[in-house]
Amino acid sequence: MPDNDQLHRFIIENTRVRGELVHLSASWKAVLERYDYPKNVQRVLGEAFAACALLSATIKFEGSLILQIRGDGPLHLLVVQATSEGTLRGLARWGADVPESNLQDIFGNGSMVITIEPPKGEPYQGIIALEGEHIQDAIENYFKQSEQLNTRLWLAANENNCTGFLLQELPESAEETQQSNLGEDHNDWQHAEALGNTISNEELLSLSTKEILHRLFHENDIRLFEPTPLSFRCSCSSERIDKMIISLGLNEARDIIIEQGKIQVDCEFCNAQYNYDSIDVENLFTFTTPPDNSNTQH
Ligand SMILES: [Zn+2]
């Protein structure tokens, strides 16, 4: 049985190969409960969901990491987010039937954007071409471009679980370079990668972390670190929606109330619904806005 909603980091002893394994079950079901995703949308979203969890453990960051794909194809929007607190959320939007095919056929012309939003300061963005068969192909290219580290990912998803498996070759120390046993070291990476390629989606989805590591690396000593728990949580809140409405300005907010009777904001990630009537709106601006920002009459 796969471990629930945990990310394990590990090192293959006496090599420069590290790895991660993430199994998502309850958090993944929380995503699926909110929309009735067709099978092929579900698979791609699940792969991206697992990839986002792996990336959030690989890239050191505070705040949130967002993996977003936009395109003009049948699946036109996919967003998954992981925070440094171990929470995940995600959604996908599609128009036409999504084929079981490569990224180009699924997303059309588009790109993958990885954004790191720190609690303060400017966000960092990396843009990745949507090339290859699967999400992992695009992400592997991202590592090639940005980190120059050999990184491989294996991702699998069904209606119950999604699993991500990552192997990465760590840079060698200056000392190691001098000793120039590079050839031997690199063999470790190639060997680990070849073993990684033997794991099936079936195995990724049905075996526990320890079973997968034993199945692949039983000839090596593996140092397995304490797992990180992960869970579904949406970061929307009434405070955030308040701020959004305040940013519209009082006149605009009043206009919407006149036209529609209320202001309704739905969170696309968790389906939470936020409703404001005219009294809520007046209160919002009376108590929270400095007088020079609105036309409130006193
Ligand atoms: Zn929400």
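Q: What should I know about the model before reading it?
A: The model is predicted, so local features need pLDDT of at least 70 and side-chain atom pairs count only at pLDDT 80 or more, while totals for chains, interfaces and linings use all residues. Residues are numbered from 1 along each chain as its sequence is written, and side-chain values use heavy atoms, with hydrogens and water left out.

Q: What is the order of the strands in the open sheet?
A: Strands of a sheet pair through backbone hydrogen bonds, either parallel or antiparallel. Helices (H or I, at least four residues) and strands (E, at least two) are DSSP runs numbered from the N terminus, and two strands pair if DSSP finds at least two bridges between them. Here six strands form an open sheet in the order E7-E6-E3-E4-E5-E12, with mixed pairing. Strand E7 (124-129) and E12 are at the edges with a single partner strand each, so one side of each has no neighbour in the sheet.

Q: How many bridges join strands E3 and E6, and how many join E6 and E7?
A: Strand E3 (residues 64-71) pairs with strand E6 (residues 110-117) over eight bridges, in the antiparallel sense. Leu67 is opposite Ile114 in E6. E6 and E7 are also antiparallel, over six bridges, and Ser111 has Ala129 in E7 as its bridge partner. Six residues separate E6 and E7 in a hairpin, where Gly121 in the turn has a positive phi of about 95 degrees.

Q: Which residues of helix H1 are buried?
A: Buried means under 20% relative accessible area, exposed over 50%, and partly exposed in between (1.4 Å probe, protein chains only). In helix H1 (residues 26-34), Ser27, Trp28, Ala30, Val31 and Leu32 are buried. Contact means heavy atoms within 4.5 Å. The buried residues of H1 pack against several elements, including strand E2 (17-24) and helix H2 (39-58).

Q: Which atoms are the protein donors of the zinc ion?
A: Donors are N, O and S atoms within 2.8 Å of the metal (3.2 Å for Na, K and Ca); water is not among the atoms, so sites may look incomplete. The zinc ion has Cys234 (SG), Cys236 (SG), Cys267 (SG) and Cys270 (SG) as protein donors, 2.2 to 2.3 Å away. Along the chain their spacing is C-x1-C-x30-C-x2-C. Cys234 is buried at 13% relative accessible area, and Cys267 is buried at 9%.
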